[in-house]
Amino acid sequence: MTTRPSPHPTPIELRNLDAGYSRILVRDVNVAFGRGKITCILGPSGKGKSTLLRHILLLNRPLGGRLLIDGADLLTASDEAVRDFRRRVGVLFQGAALFNSLTLAENVAFPILERGGTTESLALDIARQKLALVGLADFAEYRPSAVSGGMKKRAGIARAMALDPEFLFLDEPSAGLDPVTAADLDVLIKDVRDRFGTTIIVVTHELASLHTIADDLVMLGDGAVLAQGPLAKVAANPHPDIVAFFERRPAVERAAAGTFAGRLGPAGGPDRMRS
Ligand SMILES: Nc1ncnc2c1ncn2[C@@H]1O[C@H](COP(=O)(O)OP(=O)(O)OP(=O)(O)O)[C@@H](O)[C@H]1O
Ligand SMILES: [Mg+2]
């Protein structure tokens, strides 16, 4: 697999971007996604992580700001330029629905055939290569209903990689997987970056994943980007929501975090959360 590395060091850049639909969910987002880097987007449920990915693909238009692709604003670009950009992106949407009536190989071959210019048997050959990349060489002829959840996720990633994308967007790739399978997926994602130089954006809640794969983090909350940068920098941020995320504290404690009782811990006893 070869990707077509864009010469721009930050091929995707959000400037003063307001994300949302009828109202703003995340305001004034300023993020530069580094070329060949894995950037993880985190934040509470329903706060706009998937929406940010949809904005970058222009499946929904942001409410304001600029979306720079290789330095040029996609929001004012032609429909053709938007289509060109989308062709450079492979996406694993949240839920990763595969077609149940198709085998894994046929699922992965689907975007290749949709693009056109190739025969079905060639597309299936490429699909089998992609499935081998994600460790599913022996399952190419299985239907999604006959493989495990983790295997479906990997097949979804193989499908996202079908057209050798320069950019890979993965929306919660390890949600619902056991920790070992999730760790295997992390290795795969890192491997894709290392081998192909792919610029990858991953929405994730998994702390373990962040440690393994993240070059940079973007943390959403309070209707804005709370913090961004390398893991060590974000993890050191004293914002209570960020501290709570990294300590895995529930919201009810978080609400009390600023109080004397909150600092004592839930039972008023020793602070068990601050290990
Ligand atoms: N097409 C849409 N039109 C209007 N509102 C939408 C649309 N899609 C999502 N929303 C709303 O936008 C908000 C953010 O949704 P989004 O899917 O971006 O959240 P998220 O951060 O990805 O959450 P999760 O972690 O649960 O996946 C939600 O309140 C959701 O109901
Ligand atoms: Mg989401």
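Among contacts in the chain between residues at least 6 apart in sequence, 62% join residues at least 24 apart; two residues are in contact if their C-beta atoms, placed from the backbone, lie within 7 Å. This is a predicted model, in which local features need pLDDT of at least 70, side-chain atom pairs count only at pLDDT 80 or more, and totals for chains, interfaces and linings use all residues. Residues are numbered from 1 along each chain as its sequence is written, while chains are lettered from A and ligands numbered from 1 in the order in which they are written. The chain has 11 helices and 10 strands; helices (H or I, at least four residues) and strands (E, at least two) are DSSP runs, numbered from the N terminus. Of its 275 residues, 36% count as buried. A residue is buried if 20 or more other C-beta atoms lie within 10 Å of its own, exposed if 12 or fewer, and partly exposed in between, with C-beta atoms placed from the backbone.

**Around ligand 1**

- The shell around ligand 1 consists of Tyr21, Leu25, Gly43, Ser45, Gly46, Lys47, Gly48, Lys49, Ser50, Thr51 and Gln94; a residue is near a molecule or strand if its C-beta atom, placed from the backbone, lies within 6 Å of it.
- Helix H1 (residues 49-56) gives the most to this shell, with 3 residues.
- By type, the shell divides into 2 nonpolar, 7 polar and 2 charged residues. Ala, Val, Leu, Ile, Met, Phe, Trp, Tyr, Cys and Pro count as nonpolar, Asp, Glu, Lys and Arg as charged, and the others, Gly among them, as polar.
- Glycine 48 lies in the loop between strand S3 (38-42) and H1.
- Glycine 48 counts as buried because it has 23 C-beta neighbours inside 10 Å.
- Leaving aside neighbours within four places in sequence, glycine 48 is in contact with Ala19, Gly20, Leu25, Val26 and Leu220.
- The C-alpha atoms of glycine 48 and isoleucine 24 are separated by 9.5 Å, and the two residues are 24 apart along the chain.

**The antiparallel sheet**

- An open sheet is formed by 4 strands in the order S2-S1-S4-S5, with antiparallel pairing; two strands pair if DSSP finds at least two bridges between them.
- The edge strands are S2 and strand S5 (72-73), each of which pairs on one side only.
- Strand S1 (residues 12-20) and strand S2 (residues 24-33) pair over 6 bridges in the antiparallel sense, and leucine 14 has valine 31 in S2 as its bridge partner.
- A hairpin is formed by S1 and S2, with 3 residues between them.
- S1 and S4 also pair in the antiparallel sense, over 5 bridges; here the bridge partner of arginine 15 is arginine 66 in S4.

**Positive phi angles**

- Most residues other than glycine have a negative phi.
- Asparagine 16, in strand S1, has a positive phi near 50°. Asparagine 16 is exposed because 12 other C-beta atoms lie within 10 Å.
- Leucine 58, in the loop between H1 and strand S4 (64-69), has a positive phi near 55°. Leucine 58 counts as partly exposed because it has 18 C-beta neighbours inside 10 Å.
- Glycine 116, which follows helix H3, has a positive phi near 90°.

- Strand S7 (residues 167-171) is largely enclosed by the rest of the structure because 5 of its 5 residues are buried.
- Phe167, Phe169 and Asp171 point one way from S7, and Leu168 and Leu170 point the other way.
- In a regular strand the side chains alternate between the two faces of the sheet.
- S7 pairs in the parallel sense with strand S6 (residues 89-92) over 4 bridges, where phenylalanine 169 is the bridge partner of valine 91.
- S7 also pairs in the parallel sense with strand S8 (residues 199-203), over 5 bridges; the bridge partner of phenylalanine 167 in S8 is threonine 199.

**The nonpolar core**

- Of the 64 residues in the largest nonpolar core, Val108, Leu131, Ala158 and Val202 touch the most other members. A nonpolar core is a set of buried Ala, Val, Leu, Ile, Met, Phe, Trp, Tyr and Cys residues joined through C-beta atoms within 7 Å.
- This core draws at least three residues from each of domain 1 (8-88 + 166-230) and domain 2 (101-164); the domain bounds come from an automatic or database domain assignment.
- In helix H3 (residues 104-115), the buried residues include Leu104, Val108 and Ile112. The buried residues of H3 pack against helix H4 (120-133) and helix H5 (149-160).
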